[in-house]
Amino acid sequence: TITFRITTAVPSHTLYTTYQYFLEDTMHDGLELVADSIKVYQDETLLTAGTDYVLSPANGAVDFKVDFTASMNIEGKFAIDDLLIVEYNAKVTDAIEAQKANQNTVKLTYSNDPTNDASTGSVSDSANVYSYQFVFTKFAQDTNGVLTNVRLAGAKFQLYRVVEGQPDELIHFTTKPATNNEGVAFNKYIVAEDDATDTVDT
């Protein structure tokens, strides 16, 4: 699971009749939003969806939208330079691209002309998620104990996550059939999410 955090500062908007202000998040296909993980704060105060902002689900390429427009137009609701923070989690899916930048992009849209309520500007930012593929191979030894280039049949491995000051953690995987460039079938092992079932550790 990957945690993302978006932070914006409330701009001056007192001259506007209707001030638009909303965020739209678009994830790479290799990332899947954990829908119930979205939390929105005004500084350190947790806000309520439907009261302080409008949360819209996926629409086309956009995975979710957080709209502060209604609250922006309530006098005294948001002060200039208040921080509006959106936190949420995403899971890595089978569509993640190894050794490439898998982008998560957020777009902020805001009113930019006090004389024209329909006029807006926007700014975007992105974070890259990287995934890497490792191949582990165990080779046989000859009768003299010298390592050969013959792969050892039936070799098994266990991998551990090592963090200084913490106990080593055995990593669990989900498996997926795959085929290499030479047409040879093999199992691909993908690090399992915390709530995954049918996992293996060898």
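Q: What does the side chain of Asp82 reach at 3.0 Å?
A: The side chain of Asp82 reaches the backbone nitrogen of Ala79. A polar contact here is a pair of N or O atoms within 3.5 Å; within protein, one must be able to donate a hydrogen and the other to accept it, and residues adjacent in sequence count only if both atoms are side-chain atoms.

Q: Before I go on, what sort of model is this?
A: This is a predicted model, in which local features need pLDDT of at least 70 and side-chain atom pairs count only at pLDDT 80 or more, while totals for chains, interfaces and linings use all residues. Residues are numbered from 1 along each chain as its sequence is written, and side-chain values use heavy atoms, with hydrogens and water left out.

Q: Where is Asp82 found?
A: Asp82 is in the loop between helix 1 (69–72) and strand 8. Helices (H or I, at least four residues) and strands (E, at least two) are DSSP runs, numbered from the N terminus.

Q: Is Asp82 buried or exposed?
A: Asp82 is buried, yet has no salt bridge. Buried means under 20% relative accessible area, exposed over 50%, and partly exposed in between (1.4 Å probe, protein chains only). A salt bridge is a side-chain nitrogen of Lys or Arg within 4 Å of a carboxyl oxygen of Asp or Glu.

Q: Which side chain of opposite charge is nearest to Asp82?
A: Lys77, which is 9.6 Å away. For charge, Lys and Arg count as positive and Asp and Glu as negative; His and the chain ends are not counted.

Q: What is Asp82 in contact with, leaving aside neighbours within four places in sequence?
A: Asp82 is in contact with Thr8, Ala9, Val10, Gln42 and Asp43. Contact means heavy atoms within 4.5 Å.

Q: How many bridges join strand 4 to strand 5?
A: There are 2 bridges between strand 4 and strand 5 (residues 45–46), and these strands run antiparallel. Two strands pair if DSSP finds at least two bridges between them. The bridge partner of Tyr41 in strand 5 is Leu46.

Q: And how many join strand 4 to strand 8?
A: Strand 4 (residues 39–42) and strand 8 (residues 83–92) are joined by 4 bridges and run antiparallel. Val40 stands opposite Val86 in strand 8.

Q: Change of topic: how many residues are in the largest nonpolar core?
A: The largest nonpolar core has 27 residues, and those with the most contacts inside it are Val40, Phe68, Met72, Leu84, Val86 and Tyr88. A nonpolar core is a set of buried Ala, Val, Leu, Ile, Met, Phe, Trp, Tyr and Cys residues joined through side-chain atoms within 4.5 Å.

Q: Which element gives the largest share of this core?
A: Strand 8, with 4 residues.

Q: Why does Asp94 count as exposed?
A: Because its relative accessibility is 52%. Lys176 counts as partly exposed because its value is 32%.

Q: Which residue does Glu97 form a salt bridge with?
A: Glu97 forms one with Lys100, the closest N and O atoms being 3.5 Å apart. Glu97 is partly exposed at 33% relative accessibility, and Lys100 is partly exposed at 47%.

Q: What about Arg161?
A: Arg161 forms a salt bridge with Glu169, with the closest N and O atoms 3.2 Å apart. Arg161 is partly exposed at 35% relative accessibility, and Glu169 is partly exposed at 42%.

Q: Last one: where is Phe136 found?
A: Phe136 is in the loop between strand 10 (120–129) and strand 11 (139–141). Phe136 counts as partly exposed, at 46% relative accessibility. Leaving aside neighbours within four places in sequence, Phe136 is in contact with Phe157 and Leu159.
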